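The report below describes a single protein chain, from individual residues to the whole fold. The sequence and the coordinates are shown first.

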Amino acid sequence: MSTANATVLAGAPPTKPLSTWEFWGRVLVVPYLIIFVVFVVYPVCYGLWLARDPQSYVKLAADPIFFRTAVNTIVFLVIAINLKMAVALMLSGFFIKTRWWIKALSVLFILPWAVPSIPTILSVRFMLNPEWGVINSTIFRLTGLDGPNWLNDPTLALSFSILMHIWKSLPFWTLILLAGRMAIPQEQYEAASVDGASVLQKFRYITWPSMRSLYLTSLILSTIWTLGDFNSVYLLTGGGPADLTHVLATLGIRYLRLDQVELAMAAIVVSLPLVLPLVYFMMKRLSK
């Protein structure tokens, strides 16, 4: 008796052979799985293994740079996220208008997000150079005075990093909220106009209730991405002056330069208690 007949007599359904498409589908997925394991799963597991020693966190907490970095990270998050999302919400109301010059302006507005980060931020860093930068050269030509050393002041340097982050990411979030506005039926605004509603009343009773869920989801996702923003700080200030503008996303590089790999991994792991709840809430909202 053949194996197939025995299986049928036993009451189990016969195994359906793989089709050609299913076979090649599984074969082509294998390289991606290997890349994912090698470049994602293995580095994450190895980093957690390096950061397993509790003494690393004791040393990290004792480093005064870590406390300054934690404060910088909170300031960076609070200012950048709230200012960016509030401005994006207002600009989405501007770009939804159908005038031709607004459409032309929207193309220019998207450019900072479309241009690669590295050359853009390095160009801004060159502009802020106190000796030959464009800004200070212009100040000297107009006033005969030397401009400030922008990136040697910790407050100014961190402020420019925040502005750099907002400038780069603002077009993306404006487009997301613009798409949300476009999904609101125009009949609601027309009915509100007939009833004599003002612009603020339309926003309060029509726009915001319709976009609240999208805005909150975008806020959570923006927080996760902002927390991991490495380029805006490291490429512009390098964490300086005197390591006073580091955020958690860049602090690990400082310890790697000092050949303190365990502290570098610990500096990255300490952000997980903030990231993981945000990821959980975001996935929970998306599942609804």
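In which helix does Ile139 lie? Ile139 lies in helix H7, which comprises residues 134-143; helices here are DSSP runs of H or I with at least four residues, strands are runs of E with at least two, and both are numbered from the N terminus.

The model is a predicted one, in which local features need pLDDT of at least 70 and side-chain atom pairs count only at pLDDT 80 or more, whereas totals for chains, interfaces and linings use all residues. Residues are numbered from 1 along each chain as its sequence is written, and side-chain values rest on heavy atoms, with hydrogens and water left out.

**Overall fold**

The protein chain holds 14 helices and 0 strands. Of the contacts between residues at least 6 apart in sequence, 71% join residues at least 24 apart, a contact being heavy atoms within 4.5 Å.

The accessible surface comes to about 18200 Å², with 71% of it belonging to carbon and sulfur atoms, as computed by the Shrake-Rupley method with a 1.4 Å probe, where for residues only the protein chains shown count as cover. Buried residues make up 34% of the 288 residues; buried means under 20% relative accessible area, exposed over 50%, and partly exposed in between (1.4 Å probe, protein chains only).

| Residue | Relative accessible area | Residues touched |
|---|---|---|
| Asp63 | 15%, buried | Arg254, Tyr255 |
| Ile139 | 27%, partly exposed | Gly144, Leu145, Gly147, Pro148, Trp150 |
| Ser161 | 0%, buried | Phe76, Ser232, Val233, Leu236, Thr237 |

Asp63 lies in the loop between helix H3 (54-62) and helix H4 (64-95), while Ser161 lies in helix H8.

**Nonpolar cores**

A nonpolar core is a set of buried Ala, Val, Leu, Ile, Met, Phe, Trp, Tyr and Cys residues joined through side-chain atoms within 4.5 Å. In the largest such core, which has 21 residues, Met85 and Leu177 touch the most other members. At least two residues of this core are supplied by each of H4, helix H5 (100-114), helix H8 (154-182), helix H9 (186-194) and helix H10 (199-227), and the largest share, 6 residues, comes from H4. Setting aside residues up to four places away in sequence, Met85 touches Trp173, Leu177, Tyr215, Ser218, Leu219 and Ser222.

A second, separate core of 14 residues includes Leu60, Ile65, Leu251 and Ala264. Ala264 is also one of the buried residues of helix H13 (residues 261-269), the others being Leu263, Met265, Ala266, Ala267 and Val269. These buried residues of H13 pack against helix H2 (20-50), H3, helix H12 (248-257) and helix H14 (272-287).
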